[in-house]
Amino acid sequence: MATPKILTTRNFLSSPRGGFLCFSTWMTPPTSHCHDPILTTISEAIKVSPTKPLHSSLKRILPSLTPNHLIDLINLNPHSLSPPSLLSFFKWLSTQHHFRLSIHSYCTMTHFLCTHKMLSEAQSLLQFVVSRKGKNSASSVFTSVLEARGTHQSNLVFSVLMNAYTDSGYFSDAIQCFRLVRKHNLQIPFHSCGYLFDRLMKLNLTSPAWAFYEEILDCGYPPDVCKFNVLMHRLCKEHKINEAQLLFGEIGKRGLRPTVVSFNTLINGYCKSGNLDQGFRLKRFMMENRVFPDVFTYSVLINGLCKEGQLDDANKLFMEMCDRGLVPNDVTFTTLINGHCVTGRADLGMEIYQQMLRKGVKPDVITYNTLINGLCKVGDLREAKKLVIEMTQRGLKPDKFTYTMLIDGCCKEGDLESALEIRKEMVKEGIELDNVAFTALISGFCREGQVIEAERTLREMLEAGIKPDDATYTMVIHGFCKKGDVKMGFKLLKEMQCDGHVPGVVTYNVLLNGLCKQGQMKNANMLLDAMLNLGVVPDDITYNILLEGHCKHGNREDFDKLQSEKGLVQDYGSYTSLIGDLRKTCKERQKR
């Protein structure tokens, strides 16, 4: 039988792995007869392919094969070939350089595979088509899939197509596929709709996910309160509390009943946004609807009250929780402990900790760190160290925060020796010092007048890749200036500037104070000019430092005048006018 010639427009596509090399877009020709000898030859070749290579069996007819023959073979399958053997032939044919598969071939094979429930193989083929067609191709590929429906028809093919676009990251195309399915009155692939929704949520695309979810719900997708809860949680995290409230309202409209998780999600959102009143209103509303608050509900509200400093109300709510038979967990206890420690009542924090132990609730590292931080802030280092021993005995390992808080507490209390011992322990445990620990040690050294050690620690900080802030540099500069080493202070100033810092008025005031104490008034005035040129605005402290310098190192006859002006000079004009007048008076005295 003569093979009809088919005019096609071809798009050649290369594949580095020798996969599906290319396809063309063409009009489907009339179907060949099922007794076409070419189809019989191909079928026989496929059957014997385990023992005889296809290339050898089809050598004679291979040059005359067209996509039409492949489509007829798939649709008619006159010799009842197994789906895997037909797929193997399809893949083999795609590797033949003189043969070009059409998109119609791919779509036909996809229909065939879906009919035989070979969905992963079908998706692999459509994934290839999608990868070649790219973004915004849903309409054309959907049309090709629709046109390729022959003897094998399965609605699963549209589910596979949606998944192919979803897995390729072309979410707008996947949504477009859904809309086209709906437009053509085909069966909605709900499973693929759910898969797309989950992917959108995983990628934090909350607004598109909610819009799509509304769309599929309107098409009969079964509403799920868990999905509403996940959406509300994400909106609350994005600080879209009003949208979350509207979504909460949708739960009832869709015939569902809000769960305790639904209420908790919204209550948590309101508490984190600082709207405690609305959080408590929701608690009352949930109880009216016979949805009873759980440990999470109370913990969230207690946390909100603690953050607002309403510790009495937080304690009352805690008691209410216990009276309802709910057992507070470690989060609830830690929240209350933190609330008291933040307000400087570490003693009350310790009382709650003891209550926690009596109830058999095991503290974690966060609980201990909260207490240790509170105790260090009130200067109770002995109790803080006892807690470190206690947490170790309970099998908990002190972390970077534990050690850092202890170092900071010791330095603030002037116990530099203990701070250095703790540092040694950190190094021994393989824990690297952070910005807070380095800064605390530098502050401690400066306070004790050990500026050389302070500078050495600053160098270690830099070597560790931690950039000191302006305040840390200024501490060390101040330490050197107090020791009379203003030169080193200026060296550090230059280092700051080279490191990208823009020193502020506090840093310059420290240097000015150092110069004035040494009587270097000329240099002090020059530094003042440099400040102004760099755009650093002097404050009243700046001028008072300068006036103090002039008082101590100027003419004694001008002392009373300068003393009376201290605290009144607040700008550069007043300062230069006052100093100018004094210099003029000084010159007149010298002439006499």
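**Notebook: pocket and salt bridges**

I started with the largest pocket, and helix 16 gives the most to its lining, with six residues. This is a predicted model, so I kept to its limits: local features need pLDDT of at least 70, side-chain atom pairs count only at pLDDT 80 or more, and totals for chains, interfaces and linings use all residues. Residues are numbered from 1 along each chain as its sequence is written, and side-chain values use heavy atoms, with hydrogens and water left out.

**Pocket**

I noted my terms: on a 1 Å grid over the protein atoms alone, a cavity is a set of points where a 1.4 Å probe fits but cannot get out, while a pocket is an open set with protein on both sides within 12 Å along at least five of seven lines; lining residues have an atom within 4 Å of a point. Volume is the space filled by probe spheres set on the points, which are joined across faces, edges and corners. The largest pocket comes to about 330 Å³. It has 16 lining residues, and Ser299, Asn303, Val331, Thr334 and Thr335 are the closest to its centre. Helix 14 (260-272), helix 16 (295-307) and helix 18 (330-342) each supply at least two lining residues; helices here are DSSP runs (H or I, at least four residues), numbered from the N terminus. I sorted the lining into five nonpolar, seven polar and four charged residues (nonpolar: Ala, Val, Leu, Ile, Met, Phe, Trp, Tyr, Cys and Pro; charged: Asp, Glu, Lys and Arg; polar: the others, Gly among them).

**Salt bridges**

Next I searched the whole structure and got 19 salt bridges (side-chain nitrogen of Lys or Arg within 4 Å of a carboxyl oxygen of Asp or Glu). Arg179 pairs with Glu215, the closest N and O atoms being 2.7 Å apart. Arg179 lies in helix 9 (residues 171-183) and Glu215 in helix 11 (residues 206-217), so the pair ties together parts 36 residues apart in sequence. Arg179 is partly exposed at 37% relative accessibility, whereas Glu215 is buried at 15% (buried is under 20% relative accessible area, exposed over 50%, partly exposed in between; 1.4 Å probe, protein chains only). Arg182 joins Arg179 and Glu215 in a network of salt bridges.

I then looked at Glu460 and Arg423, whose side chains meet at 2.3 Å, N to O. Glu460 sits in helix 25 (residues 451-463) and Arg423 in helix 23 (residues 416-428), 37 residues apart. Glu460 is partly exposed at 26%, but Arg423 is buried at 18%.
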